[in-house]
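Welcome! Take a moment to look over the sequence and the 3D view below, and then we can walk through some points together.

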Amino acid sequence: MQAHLVCFESTCRAQYDVRDVLYNCPKCGGLLEAAYGPIGADAASLKKLWRERRMDNAPLEQSGVWRYRELFPFLEDTKHVVTLREGNTPLLPAPRAAAYGGLKAITFKHQGFNPTGSFKDNGMTAGAAQARLLGMKRVACVSTGNTSASMAAYASAGGLEPLIFIPNGNISYGKLAQALEYGAKTFQVDANFDQILALVRVLAERLGIYLLNSINPFRIEGQKSIVIEMMDQRDWKVPDWIVLPGGNLGNVSAFGKGLREMLALGLIDKLPRLAVIQAAGSSPFYEYMASLSASGGSAPFVAQGHPETLATAIKIGDPVSWPKAQFEIETTRGVVEKADEQEIADAKAVIGASGIGCEPASAATLAGIKKLVAAGVIDRDADVVAVLTGNVLKDPDYIYRYHTGQLTGPDGAAIRANFGNAPVVVPNDADRITALIS
Ligand SMILES: *Cc1c(COP(=O)(O)O)cnc(C)c1O
Ligand SMILES: [Zn+2]
């Protein structure tokens, strides 16, 4: 199996060795992606092999990522793999959420069931394996939270030293707590995400640290397993839509690449349409795609200097992977929508009241779906899978404030507890409590 790195820019397409430590194309500055020679197996035998592996107790086969490794064969030797049994996340039907969104049915693919509680684990197990293959000792990332929690766990589990850089005061305690607990050296920098990313690239160069930000092409390879596993769980029946939140846009890039590769191999017979939902206060990709269609196809990408949203996982003004995301949206005839703070908060409470729960960024999916169904873009009868990216316990402070009517947006405006469920203070009195219940 021959693996290499290729520049994503269609005018360049320069190739590099898969072991080169590169984050951008040295020739043109473009994004890089992993590419492979022929897989050498047909669709039917791959499907059979992956099913059989579910019965195998070997850690590699128990991983919901590495089980599908034929589709990302960049490692010469699987001994470099660090697995915490990532992936294996459920598909959950949610009638109540479907009704809220205006759909007949909806299924959530819940990536919050991962070992550190977000889809970042699907990519991090791959990035950490590549770091070990390269003989790296230290790994680093800049993160709004979940990437650092995941990197800390995988690096520590794999004997690497994790270094984490986070925007000071802009991270949920659940996520910061994970980074500390998993043993990462953590730096809180007085700057925003995009500024810190520039800083860390300087430090990585200077100190020989391997960067595990979402620009890392191997993380994208691991994240392809989310859609591969989704199709496997659906017996390879392709949904009409896959909906996901968009921040740095690595995940939509991974989904698109994985889907295209599955189509080329005959594992699936068509592409689903991808819908990316951004928070209204942090929506540079939404604005860009809207300006493209308004201008008939040529508009510059404009970064947002001060992105604002309580959905901190998608609070990114200058998403690195936008060229890949644009390609995948166009290839799948996809759409980009945005949802405001109230819409995200209410959708989140409805997902919670469905017994499922997720963190704020994940709820942008249902908020966006509601708007896209109302606008007639998504059909009421459509087969829709929405990807919940993070666990409900990532941001408990947000939840408590919402349900008690104390949540305010980044601009200070009150967010109404439309689906609020505040605790009731009662006296120690069985009769009074009985009256309240019945
Ligand atoms: C990272 C993250 C996102 C955003 O994903 P991108 O690949 O950056 O677009 C969304 N939700 C959660 C919970 C995340 O951790
Ligand atoms: Zn290039």
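Phe285, Tyr288, Met289 and Leu292 in helix α10 touch Trp322, Ala325, Gln326, Ile329 and Glu330 in helix α11. Keep in mind as you explore that this is a predicted model.

**Helices α10 and α11**
- The residues in this contact of α10 with α11 are seven nonpolar, one polar and one charged.
- α10 covers residues 284–295 and α11 covers residues 322–331; their axes lie 12 Å apart, at an angle of about 55°.
- Because of that angle, α10 is oblique to α11.
- The crossing of these two helices, α10 and α11, is right-handed.

**Helices α12 and α14**
- Helix α12 (residues 341–353) and helix α14 (residues 396–403) cross at roughly 95°, and their axes come within 11 Å.
- So α12 is roughly perpendicular to α14.
- On the α12 side, Glu341, Ile344, Ala345, Asp346, Lys348 and Ala349 take part, and they meet Tyr398, Ile399, Tyr402 and His403 of α14.
- The contact of α12 with α14 is made up of six nonpolar residues, one polar and three charged.

**The zinc site**
- Which protein atoms are the donors of the zinc ion (ligand 2)? They are the SG atoms of Cys7, Cys12, Cys25 and Cys28, at 2.3 to 2.4 Å from the ion.
- The site of this zinc ion is tetrahedral, with angles of 95 to 116° among the four donor atoms.
- Along the chain, the donors follow the spacing C-x4-C-x12-C-x2-C.
- Cys12, in the loop between β1 (3–7) and β2 (15–17), and Cys28, in the loop between β2 and β3 (32–36), are 16 residues apart, and this pair links distant parts of the chain.

Key:
Residues numbered from 1 in each chain as written. Chains lettered and ligands numbered in written order. Predicted model: local features only at pLDDT ≥ 70, side-chain atom pairs only at ≥ 80, totals over all residues. Heavy atoms only, no water. Axes fitted to C-alpha atoms, helices over the stretch in contact; angles between N-to-C directions. Helix = DSSP H or I, 4+ residues; strand = E, 2+ residues; numbered from the N terminus. Parallel < 35°, antiparallel > 145°, perpendicular 65-115°, else oblique. Left-handed = near helix turned anticlockwise from the far one by under 90°. Contact = heavy atoms within 4.5 Å. Nonpolar A, V, L, I, M, F, W, Y, C, P; charged D, E, K, R; others polar. Donors = N, O, S within 2.8 Å, 3.2 Å for Na, K, Ca; no water. Tetrahedral: all angles 85-135°; square planar, octahedral: opposite > 155°, others 65-115°.
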